[in-house]
Amino acid sequence: MNTQTYLIVRWDTFLEKINTRFQESLKHAETACSEQLVETDYEYETVFRSWQGMKAQIHELIRKIDTVWDGKVMPEMRAMGDFYTDEAAKGSQLNDSLTETLFSFERQLEGKLSRAYYDHAIQSADKKSFCTQCDAKLAIRKDIFRAQYISCPYCNTVNTIEPDTKFMKLGWGIIDNIAAMNCQKEYAAMENALSALHALRKSERGVAEWASYENAYYHYWEKYFQERIVLNADAQERYVAVMERKRKEFENYKEIQTK
């Protein structure tokens, strides 16, 4: 094996090891976070902080690709000839691929953890729901995460019910994560349409290309906000306003990109 071949094989082996460790890290993170959620009695914030620490370590693993390339591999290859440019592309492609995979994994992980939290917390909905007058059990709405005013079906007393804290936390981002997970297919389509748009020069981005991204963009956000409404009834009254905001964001982005 000549020196050039040896350097390429060594670089390929290093990249493969990085990819393997990356995949193992994702599996470990999902298992660890899921177990910690149960062990901490569903302290979602604690698990989220743990995930942030794990994610930082995974980012360091990805950054190692550039560190090793710049500090060791490139100087050795460069001294042997211009073949190093093709080898540099391997590292860049893996870096981009792992970064994109990590982002997608995080969306899914947060969705899964939020779903597990939701399934646990929703059981506490009726824990404190009793009439203050006759002590009859009351049924609170499970798609509203705030104080509720409920009339007792037996004595007609209007009760102000403060649901369990864990239940009310469902409306503090948990619902959003679940909605995002449920719309992963639409989100991927939107991202693919945007990537296709970015792959073109500005002069090549015609009506059809912008329409493709625009359709995918609105399809995703409409599906996302509708998913939120299913789980959180209060989101209904904000639907028109948030969709209008998304329309303005799209128009502003298009205006900037077409200048």
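In this predicted model, Lys246 lies over the face of Trp221, at 3.7 Å from the ring centre. A charge is taken to sit over a ring if NZ of Lys or CZ of Arg is within 6 Å of the ring centre and within 35 degrees of the ring normal. Arg107 is placed in a like manner, its charged end sitting over the ring of Tyr187, 3.7 Å from the ring's centre. Both Trp221 and Tyr187 belong to a cluster, linked by ring pairs, that also contains Phe103, Tyr220, Tyr224 and Phe225.

The model is predicted, and local features need pLDDT of at least 70, side-chain atom pairs count only at pLDDT 80 or more, and totals for chains, interfaces and linings use all residues. Residues are numbered from 1 along each chain as its sequence is written, and side-chain values use heavy atoms, with hydrogens and water left out.

**Aromatic pairs**

A pair of aromatic rings is described by the distance of the centres and the angle of the planes. Here rings of Phe, Tyr and Trp (for Trp the six-membered ring) pair if their centres lie within 6.5 Å, and planes under 30 degrees apart count as stacked, over 60 as edge-to-face and the rest as tilted. By this rule the count comes to 21 aromatic pairs. One of them joins Trp11 and Phe14, which are stacked, with 5.7 Å centre to centre and 15° between the planes. Trp11 and Phe14 both lie in helix H1 (residues 3–39), three residues apart, or about one turn of the helix; helices (H or I, at least four residues) and strands (E, at least two) are DSSP runs, numbered from the N terminus.

The rings of Phe145 and Phe167 have their centres 5.1 Å apart and their planes at 50°, so this pair is tilted. Because Phe145 lies in the loop between helix H3 (84–121) and strand S1 (148–151), and Phe167 in helix H4 (residues 165–168), the pair ties together parts that are 22 residues apart in sequence.

| Residue | Relative accessible area and class |
|---|---|
| Trp11 | 2%, buried |
| Phe14 | 17%, buried |
| Phe145 | 8%, buried |
| Phe167 | 0%, buried |

**Cysteines**

The structure holds zero disulfides, a disulfide being a pair of cysteine sulfur atoms within 2.5 Å. For Cys155, the closest cysteine sulfur is that of Cys131, and at 3.6 Å it is too far for a bond. Cys155 counts as partly exposed at 29% relative accessibility, whereas Cys183 is buried, with a relative accessible area of 0%.

**Backbone and helix crossing**

Most residues other than glycine have a negative phi, and most peptide bonds are trans. Tyr42, although not a glycine, has a positive phi of about 65°; Tyr42 is found in the loop between H1 and helix H2 (44–78) and is buried, with a relative accessible area of 18%. Asn156, also not a glycine, has a positive phi of about 70°; Asn156 has its place in the loop between S1 and strand S2 (158–161) and is exposed, with a relative accessible area of 61%.

The axes of helix H5 (residues 174–182) and helix H7 (residues 207–231) come within 9 Å and cross at roughly 130°. Axes are lines fitted to C-alpha atoms, for helices over the stretch in contact, and angles run from 0 to 180 degrees between N-to-C directions. H5 and H7 are therefore oblique to each other, since angles under 35 degrees count as roughly parallel, over 145 as roughly antiparallel, 65 to 115 as roughly perpendicular and the rest as oblique.

Conventions:
Buried means under 20% relative accessible area, exposed over 50%, partly exposed in between (1.4 Å probe, protein chains only).
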